[in-house]
Amino acid sequence: MAREKYTYAQQVCIKSAGKTMQHTGMLYPGARIGVAVSGGMDSWVLLQVLRIRQRIVPFPFEIMALHVNPGFDPENHAPLLPWLERNGVAAHIEVTDHGPRAHSPENRRNSACFYCAWLRRKRLFELCAQYRLSHLAFGHNADDLVGTFLMNLYQNGRVDGMSMKEAFFGGRLQVIRPLLMVEKSDIARAVRQWGLPVWSNPCPSAGATRRSEVMDDFQRLCSENKGMKRNVFNGLCRWQMDLTPKAD
């Protein structure tokens, strides 16, 4: 069988995820990973990369796609179904009312994005318990790490990032972020090259959040300073890697 060839961007995603997984000891033989698939490019690339890593790592692990539709468009996840069937990936897919609830009077204290994300994560934790999954994988990338770091600093006066591996429920569940050292630009190229069926986000708050404003400001600053973006990314990624316990 001919060996599959990958583009530069695809290799960056595959190899960076492998480095992060190996350095932190994210996985172990028999791990059962729930992959949070939102339909955006990050989660699609994560799902594809984990499928490829299954053929590379020297031990078996399982993956299962978890899609929790927020309810703005109950049908927009349709492209996911044939892809899962074609690639033999198990899945749980459900439509919720999280999005409309987050934008309703029910949510009086938090931003719509915060409340919707909280409801989604709560449901994902429940699904991990239901299917006896050992890991929950999110597609957060290096841009998300920068955004979280800046938001914590600006909004809360706290120096904090986004963990690569974090234990929940007494260690029964590990939340992992294999793509945390990959820049969004590489993910965007890889998702196009793989032809993954990304669908649009119908949320009325998409692109209109405080986080979006912070990242827009950061991008403008970087456009005036050659090399600044890469330096910030590299520095925060190394810092976050140093904070994560290494594999035994």
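Which residue forms a salt bridge with Arg 101, and how far apart are the closest N and O atoms? The partner is Glu 106, with the closest N and O atoms 2.8 Å apart; a salt bridge is taken as a side-chain nitrogen of Lys or Arg within 4 Å of a carboxyl oxygen of Asp or Glu. The model is predicted, so that local features need pLDDT of at least 70 and side-chain atom pairs count only at pLDDT 80 or more, while totals for chains, interfaces and linings use all residues. Residues are numbered from 1 along each chain as its sequence is written, and side-chain values use heavy atoms, with hydrogens and water left out.

In total, the structure holds 13 salt bridges. One of them joins Asp 42 to Lys 184, with 2.7 Å between the closest N and O atoms. Asp 42 belongs to helix 2 and Lys 184 to helix 7, so this pair ties together parts that are 142 residues apart in sequence; helices are DSSP runs of H or I with at least four residues, numbered from the N terminus. Asp 42 is buried, at a relative accessible area of 14%, whereas Lys 184 is partly exposed at 30% (buried, under 20% relative accessible area; exposed, over 50%; partly exposed, in between; 1.4 Å probe, protein chains only). Salt bridges also link Glu 94, Lys 122, Arg 123 and Glu 126 in a network.

The largest nonpolar core comprises 54 residues, and Val 45 and Leu 47 have the most contacts inside it. Such a core is a set of buried Ala, Val, Leu, Ile, Met, Phe, Trp, Tyr and Cys residues joined through side-chain atoms within 4.5 Å. Helix 2 (residues 41–54) supplies the largest share of this core, 7 residues. A second, separate core of 13 residues includes Met 64, Leu 66, Phe 125 and Val 175.

Phe 125 is also among the buried residues of helix 5, which include Tyr 115, Leu 119 and Leu 124. Helix 5 (residues 112–130) has 19 residues and reaches 27 Å from its first C-alpha to its last, close to the 27 Å expected at 1.5 Å a residue; the expected span is 1.5 Å times one less than the number of residues. Just after helix 5, Arg 132 adopts a positive phi of about 55 degrees.

For helix 6 (residues 142–156), the 20 Å between the end C-alpha atoms agrees with the 21 Å that its 15 residues should span. Its buried residues include Leu 145, Val 146 and Phe 149. Helix 6 is followed by Gly 157, whose phi is positive, near 60 degrees.

Conventions
Helix = DSSP H or I, 4+ residues; strand = E, 2+ residues; numbered from the N terminus.
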